[in-house]
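Hello,

Here is the structure I promised you. Please open it first, then read my notes below.

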Amino acid sequence: MRIRFWGTRGSIATPGLQTARYGGNTSCVEVRSSRGTLLVLDCGTGAYPLGRMLMSRGGNGLRGSLLISHTHWDHIQGIPFFDPLFARGAEWDVYGPNGPGASLREALAGQMQYDYFPVTLDEFGARIRFHDLVEGSFDIEDFKVSARYLNHPALTLAYRLEADGASIVYACDHEPHARMLALGEGELTGEDRRHAEFVAGADLLIHDAQYTAEEYPAKIGWGHSPIEYVVRLGQQARVKRLALTHHDPRRDDEAIDRMVQSNRERAGAVDVFAAYEGQIVHVGAPGAKAARRRSRELHAEAAVAPEPGERSVLLAVADAEASSTLSAALRAEGIRCDAFSSAERARTLIARERPWLTVIEHDPPRIEGMDMCRAIRSRTGEGDPVLPILMVAGEPDQQAGGAAGVTDWLIKPFSVAHARTKIREWVLRTARAPAACDAADGRATATATQVFDAGKARRSGEPASAPATEMNGGRPDVIPDGDKSGLLWMFGREIASFDNPAFSSNVGRIIARAQTAPHRGAGKAASVRRFAGRRA
Ligand SMILES: [Zn+2]
Ligand SMILES: [Zn+2]
């Protein structure tokens, strides 16, 4: 694979003498496989020079795919200036996340409305297909692509690309879930650990590193990572090379040099560098065997069209500010909200409303969210999770949260945009999961969150993308093939109730052993594939 950076700046294009070396154009990365398949990661202003280069080589008849991480300006502003989209005979597939209600196409058309731009999306000359993505995997010719949500105040996908026997991960824009991590402290747990599993073992990780730990306290909730966290992530996830990108617009070339220099030592074996415009990186080798089997998990393009108003969100939040922010977010998403103040009431509502998710605050002694969460879990399906429970708190306590049945955290203070994104993420995940509970008797059957908690990753199809290594207390534990999604899906009803990280990693090992055994069950693989196909 050949990777070329066309835009490495974050937030806003910053041309000028002070940024000449690393470049002033916003996010855009060109990726080509040895067979010539062309993927473009994000379409910030860097897409303009890329488009011109492609046209100079004969843009008519050109084929390629744009993978958009999210629709913030600095990731899409190059689209109206990307000449190959205007070329007759050219063919482009445009992929990106969509939220309930708005398609990717509509979001992109927004920036080309009459008031903002003289040409509309309909006037492109190329044949363009838009693909709304959720978490999962799919193939683009010889590339296997996996997508996973990031932590950003807009629905944002990270992409893991595998081809030529190598893998690269593009994770832009992203903020660690636990704020302690951003300051360079604490363990990778919960969603942070799952993010690490997604990037694990990559030959090249291209990651947002807009801030330093020192700057971070003033940027909490802006959805970006400090370099200290990213370097540690790269090291613990055992990536080979780490390209820092989405450089802060206020950081000049010398400051970027200093930032990288002062963090190089802590990177250990990871080759860390700040990506610059025009830089070319090669990974893998032509004809090399794909690191893993082909997709047999949930398809990232599976049609998911949740009607937000159809189901509600349950809310038990005491903090006035958090509560009003959540209410504003739910209103903006068109989702009903049901307040509750006891586990008993929550249980009744869960059975009756089949909510998208439950949001509870933990801020003792004012509100004992953990107790409430434990009580809800213990009364619905013998202690098994029934639906996602999002815990609102000042800082996540993964250990206590895991024991109580917390699915994810929303850390205070948070903005309406951040709350909307979290809600969207979970609505989409819930909509994709099997029925959350049997309303007839109010008891859990096989449920959304049983699978979520067994590892959202599995349900979202991550394993296939996944990492040859899994995080294990900071020591990645090598698993030849961690693809246990099919198995977990197949037996989800039976095993989810007692699944936990240790169990799931044991399942991975058993499957890996079975796969490396001489008989290497083709029949089993086929049945997994059949089953996964039905789910998708
Ligand atoms: Zn950005
Ligand atoms: Zn952004």
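Start with the metal pair. Aspartate 173 bridges the zinc ion (ligand 1) and the zinc ion (ligand 2), which are 3.5 Å apart. The model is predicted: local features need pLDDT of at least 70, side-chain atom pairs count only at pLDDT 80 or more, and totals for chains, interfaces and linings use all residues. Residues are numbered from 1 along each chain as its sequence is written, chains are lettered from A and ligands numbered from 1 in the order in which they are written, and side-chain values use heavy atoms, with hydrogens and water left out.

**Ligand 1**

Which residues coordinate the zinc ion (ligand 1)? They are Asp74 (OD), His75 (NE2), Asp173 (OD) and His246 (NE2), at 2.1 to 2.2 Å. Donors are N, O and S atoms within 2.8 Å of the metal (3.2 Å for Na, K and Ca); water is not among the atoms, so sites may look incomplete. Angles among the 4 donor atoms run from 87 to 168°, and the site is irregular. Irregular means anything else than these: tetrahedral (four donors, all angles between 85 and 135 degrees), or square planar (four) and octahedral (six), with opposite donors over 155 degrees apart and all others between 65 and 115. Along the chain, the donors of ligand 1 follow the spacing D-H-x97-D-x72-H. Aspartate 74 sits in helix α2 (residues 73-76), and histidine 246 in the loop between β12 (241-245) and α7 (253-264); this pair links parts of the chain 172 residues apart. Helices (H or I, at least four residues) and strands (E, at least two) are DSSP runs, numbered from the N terminus.

Aspartate 74 counts as buried because its relative accessibility is 6%. Histidine 246 is buried too, at 0%. Buried means under 20% relative accessible area, exposed over 50%, partly exposed in between (1.4 Å probe, protein chains only).

**Ligand 2**

The zinc ion (ligand 2) is coordinated by His70 (NE2), His72 (ND1), His152 (NE2) and Asp173 (OD), at 2.1 to 2.5 Å. Why is the arrangement around ligand 2 irregular? Because its 4 donor atoms subtend angles of 91 to 173°. Histidine 70 lies in the loop between β4 (63-67) and α2, and aspartate 173 in the loop between β10 (166-171) and α4 (179-182), so the pair ties together parts 103 residues apart in sequence. Histidine 70 and aspartate 173 are both buried.

**Helix α7**

In α7, Asp253, Ala255, Ile256, Met259, Val260 and Asn263 are buried. On the other side of α7, Arg258, Gln261 and Ser262 are exposed.

Best wishes
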